[in-house]
Amino acid sequence: MSSEHGEGAHVGDSFCPECYGLGHSKIEKRDVTGFREIFVRAFQCEDCGRRTDEVQLAGQYAPQGMRLRLAVPQGDAATLARRVLKSDTATVSIPELEFEIGAGAYVPFAGDLTTVADVLMQACKNLNMNQAERRAADADTAGKIDDFILELESYAAGKHAFTFEIEDVAGNSYIEGPDGGAANGAGESGDPQLTVERFDRTPAQDSRMGLAMPDEFLPYEGEQGQAQTQAGGAAADLPASAAGRLILRVEGQAEAAALVADYAEQPGSAAAGEQSGAAAAPAGVELATQCGTCGAAAGGDFAVAVHRPAAAAVRRGFPASSVIVSTSCGRCSAAAAEVRSTGGVAPKGARLRLRVEAPADLERAVLQSASASIALPDLELALSSGGEGGLATTVGALISSLASQLGSTPAAGAGAGEDAAEWDDFRSSLRAFAALERPWALELTDPLDCSLVGPAGGGAITGSLEEDPQLSVVRYERTPDENDAFGLAAGGGAAPIA
C-alpha cells in the first residue's frame, strides 16, 4: 500500500483472539494516497503468528457513495494480492458467482485491511462453519455448500477470471492500485483494471447512515400556500429529501391488485381527464429500483407503477395527499402495493365508529393504517396500531381474524376456573359478532387520519362519509403523547423537509 506513515506510532501488548496468547499492537496514522487519512491498528501474535490490520477512518463520510469494479485476470497473483478495505457500510460481490457479502457482514470483518484473495478465503472459512451439523441434518444442502466452497477457493487461487465489486454508500472503502500504487485509480496513469463510479445517496441510505431524519414530511396541504410566496408568485419547490411516509402495505398478487382496483384512479375515468391513472412519483416518494425478493432490476422483470387515489375514495376518507405504488416481479411472482403520503400530516386525528347491524356491514372494506388502533367498545377490547404495514381487509374478516388470534394465545388455553370461563365467554362474543347474532360497534382511532371504512355491501366507493348513517367520524386534537409518538411539534402539522 502506498501511504505516508504519520507520526506518533504507538506500540502496546494485546491478547490474541485466536490463541489467547500475547501479541503486540501498533497504532499509527497513515495518509493513503488517492483515498484519505486512516488509523491502522496492526496486530501480530508471537505464539500463533496471527496478523491483522484493523482500520479506523479519520474525518467524515464522503459526500457521495462509490462503486469499485476490479477486473481480476486468470492467474494474476498481483491483482489477487491487492490490498482492500471494506467498511461496515459496503457490500462485496462476485457477479460471476452471484455471490454477495452484505454491509456490516463479518466476511471480512468490517474495517479489516485485507486482500482480494483473503476476502474470498475468509468467505470460504465462514461458509464451512457448522458444515458437520448440516451434513447430519441436510446432506443435500451441505453438499451444495461444499461444492460452492471448492469453486470459491478456485477463484481465490486465480484459476478463473472474475470481477471483484465493492459498493459503499459512505464512500469509505478502497482498492489498492497496481504494485502498491495510489488507491481507487487516483494515480497519474490511472488503473486500467479498476472502474470507479460515484453516485448520490438515496434518502433512505442517508437515513440509515444517520445523515437525515428517519421520518421527514412535506408540509400539510393547508400550509403549502404559505410556501408559494416567492417572487413573482411562483410556487416554491419543496425538496424531496425523504421517502414518502408509509401509510399501508399489502403483499401478494391478489391483495395488491385488489388495493389498486378499489382505491386507485383508473385510466380513462372521468376523474382522470387527460391524465393516466399511473403517474410520475411526486417529490418525497422513493420508488423501488429492484425486486426485494429476487433482486430483479426495474425496467426488466421488475415493474413499478404509481397511481393517484380515486376521487371517490378520497371523499370516503382515503388520504388525498398520497399515491399508491404497486410493484410486480415477473421473475419470482412477488407483488405488493403501498399507500404513501406525498403531503404532510392532517391537522387533527380521526375516530371512525361503525355500527355493524346487517350482513352487508360485514362486507365493508377496512383500511387500517400503520398509525391506527382498533377497539370493540362492546367488549372493552382495544388493540394497538396496525404495525409497520397496516391492514387492508373487511369488517367480517377482521373480526374473524381477531377471534382466531385471541383464541390461539397461550393465555387463552392456560387459564383455569373463572379465568378459563371468562376466555370462553370472550371468544363466544367474538364468534357472535362474526355471525352477527347481535349488533356491535367497531372503532378505528387514527391520530394521522389515514384510515377508511368503505360502504355497506363492499361495493364500489361512491358516497361520502356524510351519506352513511351507520358511520360516524369525529375529528379530534391530537394529545401531546400522540404528537411525540409521531415526531410532530405540539399543535400538529409537519415541518417541511430540510
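This is a predicted model: local features need pLDDT of at least 70, side-chain atom pairs count only at pLDDT 80 or more; totals for chains, interfaces and linings use all residues.
**Entry 1: overview.** I started with the secondary structure and got 13 helices and 25 strands for the chain. The chain has 498 residues, and buried ones make up 42% of them.

**Entry 2: confidence.** Mean pLDDT for the chain is 75, and 72% of the residues reach 70 or more. I marked two stretches where the pLDDT is below 50. One is residues 213–242, which has 59 contacts in the model beyond near neighbours in sequence. The other is residues 490–498, with 25 such contacts.

**Entry 3: a four-stranded sheet.** Next I picked out an open sheet of 4 strands and wrote down its order, β14-β17-β16-β15, with antiparallel pairing. Which strands stand at the edges? I found β14 (246–251) and β15 (302–307) there; each has a single partner strand, so one side of each is left without a neighbour in the sheet. Going from one strand to the next, the twist averages 15°.

I then followed one pair. β14 runs antiparallel to β17 (residues 335–341), and the two are joined over 5 bridges. For a landmark on screen, I used Glu 251, which sits opposite Ala 336 in β17.

**Entry 4: the helix on the sheet.** What packs on this sheet? I traced it to α7, which touches β14, β15, β16 (322–329) and β17. The direction of α7 makes about 40° with that of β17.

**Entry 5: two faces of α7.** I went through the helix, residues 253–263, looking for what is buried, and listed Ala 256, Leu 259, Val 260 and Tyr 263. Why do they fall on the same side of α7? They cover an arc of only 100° around the axis, which puts them together on that side.

Last, I turned the helix over. On the face away from the buried side I found Gln 253 and Ala 254, both exposed.

Terms used: Residues are numbered from 1 along each chain as its sequence is written. Side-chain values use heavy atoms; hydrogens and water are left out. Buried means under 20% relative accessible area, exposed over 50%, partly exposed in between (1.4 Å probe, protein chains only). The arc is that of the directions from the helix axis to the C-beta atoms. pLDDT is the predictor's confidence in each residue, from 0 to 100. Contact means heavy atoms within 4.5 Å. Two strands pair if DSSP finds at least two bridges between them. Axes are lines fitted to C-alpha atoms, for helices over the stretch in contact, and angles run from 0 to 180 degrees between N-to-C directions.
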